[in-house]
Amino acid sequence: MISLAEIQRRIDSGDLSADAAIAQSQEAIRAKEKTIGAFVCRADDVRAARTGPLRGIAVGIKDIMDTADFPTEMGSPIYRGFRSRGDAAVVMMLKQAGASIVGKTTTTAFASVDPTPTLNPHNRGHTPGGSSSGSAAAVAAGMIPLALGTQTGGSVIRPASFCGVAAIKPSYRLLPTVGVKCYSWTLDTVGLFAAGVDDVARGLSAMTGRPELVPSASVASPRIGVVTQHFAGAPEAAGAEALQTAARVAERAGATVHGVDLQEIVAEAWRVHPLIQEFEAHRALAWEYRENYDAMAPLLRSKLDESRDTTPAAYDAAMGVASRARQALEKVFDDVDVLLTLSAPGAAPKGLASTGDARYNRLWTLMGVPCVNVPAHVADGGLPVGVQVIARYGADAQALAAARFVEQALARK
Ligand SMILES: NC(=O)CC(=O)O
């Protein structure tokens, strides 16, 4: 994979020009895209910026985010050829930091659950996950050092786990969603994919102008609470192995590690996530669903068919549960620095019929807390399995530092 941090180091030292760095990504895309299918569209004539911390960094943008230089088709024929006049806010944040947008990456329709044709670079007989399928696959395949995705259920952390890349779903609203097609305004969160945790941190730091997000060279040993999320069902053996391995090596590296049980109100929040998500989707996608019903992707259309009678009272009650759960979760972080839990039930499912199950992700999206995927295990067939490091709302720097600690401990195992 291409390390964003390594490119920055080489450009800063004069060993590599920003143009040469972009050319390297363009060459890698030409060599690998035909077997992976990570991009909807891309440009071959992209030039590097002269200034900015992300100069020379080629970036893929999930195709639900507006771009002035490329069409934005939402993974749906309803938007075929649609072209926004301007860039989404996060695209402009990347450009203002010097990044070069090289293309739009595949997405499930409206970032929901209908699979894309993109293949997992680790084993092309498997899905890369979704809904940010192309972003995870393009980074994992070594085509680009950075890509943007979004998460409403598990669409950043799960594909990152399946593709063996680092990723962050930041605290809710750390990044603006202006210019990003809305599915659920309570849940939609923009995230980043990169080769390693330091690479993700540097990308997010450069976009936001927050230097504190980059972990220091030596990271303090964190207090880690291991959460199994029993209410979400049992994991597959590979998922359990990933979590046990990460906890074991972190403790060996000096972290304090113990199990944490979450209060029942937090488990209740996990249960009401789908109701909130689909109630809001019926409003965010009302035009598409009602005026373009036959052109809607089949799995998404079924989800909306099944949830069309949700009442405002039920939605209000669910939102109340979420609010109380956030308060209860905040108290958990009085005793630990971060939580460690599963990123996905196991390795990437075989075939392309499903992008996987968000059952270990959706609670944290609703809680709005920062989540960082760290590759932790390689299952049969060479398929990666990750774990996620989670900090309290707003503590994105702490989540990244602890994730870096776990990543380094895993590297030494
Ligand atoms: N957008 C999403 O997060 C949906 C998913 O988890 O598959």
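**Helix packing exercises**

Helices H8 and H11 lie oblique to each other, a term for angles that are neither under 35 degrees (roughly parallel), over 145 (roughly antiparallel) nor 65 to 115 (roughly perpendicular). This is a predicted model, in which local features need pLDDT of at least 70 and side-chain atom pairs count only at pLDDT 80 or more, while totals for chains, interfaces and linings use all residues. Residues are numbered from 1 along each chain as its sequence is written, and side-chain values use heavy atoms, with hydrogens and water left out.

**Exercise 1.** Determine how H8 and H11 cross, and which classes of residue make their contact.

Step 1: the axes of H8 (residues 264-284) and H11 (residues 312-332) come within 8 Å and cross at roughly 140°, where angles run from 0 to 180 degrees between N-to-C directions.
Step 2: the contact (heavy atoms within 4.5 Å) includes Val272 and Phe279 of H8 as well as Tyr315 and Arg324 of H11.
Step 3: by class, this contact of H8 with H11 has 17 nonpolar, no polar and three charged residues, with Ala, Val, Leu, Ile, Met, Phe, Trp, Tyr, Cys and Pro counted as nonpolar, Asp, Glu, Lys and Arg as charged, and the others, Gly among them, as polar.

**Exercise 2.** Find the relative direction of H6 and H13, and the residues through which they touch.

Step 1: H6 (residues 197-208) and H13 (residues 396-411) pack at an angle of about 160°, their axes being 9 Å apart.
Step 2: H6 is therefore roughly antiparallel to H13.
Step 3: Val197, Asp198, Val200 and Ala201 of H6 meet Leu400, Ala403, Arg404 and Glu407 of H13, and the residues of this contact divide into five nonpolar, no polar and three charged.

How values were computed. Helix = DSSP H or I, 4+ residues; strand = E, 2+ residues; numbered from the N terminus.
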